[in-house]
Amino acid sequence: MHSLLLKKSPFPEVTMQEIVQQIKGKQVALKKFPFLLHNEIVFPPQLNLEQASSEKTALYKSESLHGNKFIDLTSGFGIDAYYLSQNFKDVTLIEQNTELLKIVEHNWTVLGKKAKFINTNLEDFLSENKDFFDVIYLDPARRDSNKNKVFLLEDLSPDILEIQDHLLSISNEVIIKLSPLIDLKYLISVVKQISRIDIIAVRNDVKEVVISLSNKNSGNIICHCVNLEVNESPFTFQFGEEENAHSEYTEPERFIYLPNNSILKCGIFNLISEKFNLEKLHPNTHIYTSDKMISNFPGRVLEMEVIDSKKIKKKEQFNIISKNYPLKPDEIKKKYGLKDGGEQYLIFTQSKKGKIILKSI
C-alpha cells in the first residue's frame, strides 16, 4: 500500500490516496462486512472502517427487532443501521460527518435500501425532534478530543447519563452499543430502565456489550451471552442469579469445561457450575469438570487426563492454556521446549490440592 501511494494516479479526477482508501476498504469488507463487496460501493477512511460493527454482530443484534419507525442517532458507516432497520418501514440515520453520510447514502442507494439521511449532530436533532420512534439505536464515540479511549458513560459522546431520560421519552426501546471493557455492575448502577444486556463475542473475542433500555422494564435484567462463528450454545440468565449460586469442588474428572469469554465477562462462575451440574477445580480457577459429556455447554469441552510434567517431551506441539498458574503460555513453551498449535491441548492450572497439568486425550 505504501508503494502505491508513491505512484501517480492513473485517473486525473481521483487521487492515489483515494484509490488506496478503496483498496483498503475492500480488504476490510472481505472479512468484516462482505455484503458490501459490490463494484459501486464506496468505502470511508480507515478509522470509520475500524469503528463500524461487523456484519455478524449487526445481524445478531437485528434478530428480535421490528416495528414502524427506527432511528440510528450515530450512524457512522451505517452497518448496524442497515441490519437493525430491516424490519422497519420508516428509517432515519443521523450523522454529523457530512462526507461519511454522503458515502452511506450512496451505498444504500446502490443496495436498494431507503432511509432519511440527516446531516446534523445528535444534540441538535433531539432538541428539535417531535417524532416518537419504536426503536432508537446509538453507538457513542469512545474517544475524547485527544483521541484517547474512554470507558465511563459520562465521558462518552454523547453522554448517555445526560440524555437517557430524553431518549426514553421519545421511544419505547433504546439500544446502546458500548465498549467490551465496560464493567457490568457499574453499568447497571448508573443507567435507568435496563431490560437486557447482550455480551457479544466473535470467536471468543468479546466485541460488544449492548444494553437495551425499555419503558416496559419489569425490574429484571436478562443477560444473553453469545459467541458467534463457533459451534457453541448461547447462554441466558437473569442478572443477580450469581449471588445465590454456589459451586462444589473436585479433582479433574474425564471432561474439562472452559467457558467462553462472553461467560467470563459476566462473572457468573458459580451459576455456570449450578446450571450445568459441573464442579470446579479451585475457587480461583474458572475451569469445570464432570465425568459426563455435556454437549450444550457455552465454551470448549475437552477430554483430558492429569499428567506428570516429566511426561512432557521437548518439541511436542500443543495448544497451551494457563489459568490460575504462575507461568504464562509463552513461559511454559520456553521452559518445556514446546511448539505452539496442533490438535492437542495442555492446560496448566490449579485444583484445591495444588498445581496440575492436564493433557487432552
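This is a predicted model: local features need pLDDT of at least 70, side-chain atom pairs count only at pLDDT 80 or more; totals for chains, interfaces and linings use all residues.
Residues are numbered from 1 along each chain as its sequence is written, and side-chain values use heavy atoms, with hydrogens and water left out.

**The whole chain**

Start with a cartoon view. You will find twelve helices and 16 strands, taken as DSSP runs (H or I of at least four residues for helices, E of at least two for strands) and numbered from the N terminus. The C-alpha trace spans about 65 × 60 × 35 Å along its principal axes. Of the 361 residues, 47% count as buried (under 20% relative accessible area, with exposed over 50% and partly exposed in between; 1.4 Å probe, protein chains only). Among contacts (heavy atoms within 4.5 Å) with a separation of 6 or more, 63% are between residues 24 or more positions apart.

**The enclosed space**

Next, select Phe-35, Leu-36, Phe-77, Gly-78, Ile-79, Tyr-82, Asn-107, Trp-108 and Leu-111, which line the largest cavity. The elements that give two or more residues to this lining are α5 (79-84) and α6 (98-111), and the largest share, three residues, comes from α6. The space inside is about 40 Å³, and a search of the whole structure finds one cavity of 30 Å³ or more. On a 1 Å grid over the protein atoms alone, a cavity is a set of points where a 1.4 Å probe fits but cannot get out, whereas a pocket is an open set with protein on both sides within 12 Å along at least five of seven lines; lining residues have an atom within 4 Å of a point. Points are joined across faces, edges and corners, and a volume is the space filled by probe spheres set on them.

**An open pocket**

Now move to Lys-185, Phe-239, Glu-242, Cys-266 and Gly-267, which lie nearest the centre of the second largest pocket among its 13 lining residues. Two or more lining residues come from each of α9 (184-190) and α10 (261-266). The volume of this pocket is about 250 Å³.

**Backbone stops**

Zoom in on Ser-157 and Pro-158, joined by a cis peptide bond with omega of about 5 degrees. Pro-158 sits in the loop between β4 (133-138) and α8 (160-169).

Then pick Glu-229, a non-glycine residue with a positive phi of about 70 degrees, in the loop between β8 (222-228) and β9 (235-238). Glu-229 counts as partly exposed because its relative accessibility is 36%.

Asn-277 also has a positive phi, near 55 degrees, and lies in the loop between α11 (269-275) and β11 (279-282). Is Asn-277 buried or exposed? Asn-277 counts as exposed, at 69% relative accessibility.

**Last stop: Ser-360**

Finish in strand β16 (residues 354-360), where Ser-360 is found. With 9% relative accessibility, Ser-360 counts as buried. Beyond its neighbours within four places in sequence, Ser-360 is in contact with Glu-303, Met-304, Gln-344 and Tyr-345. Draw a distance to Val-306, 54 residues away along the chain: the C-alpha atoms are separated by 9.0 Å.
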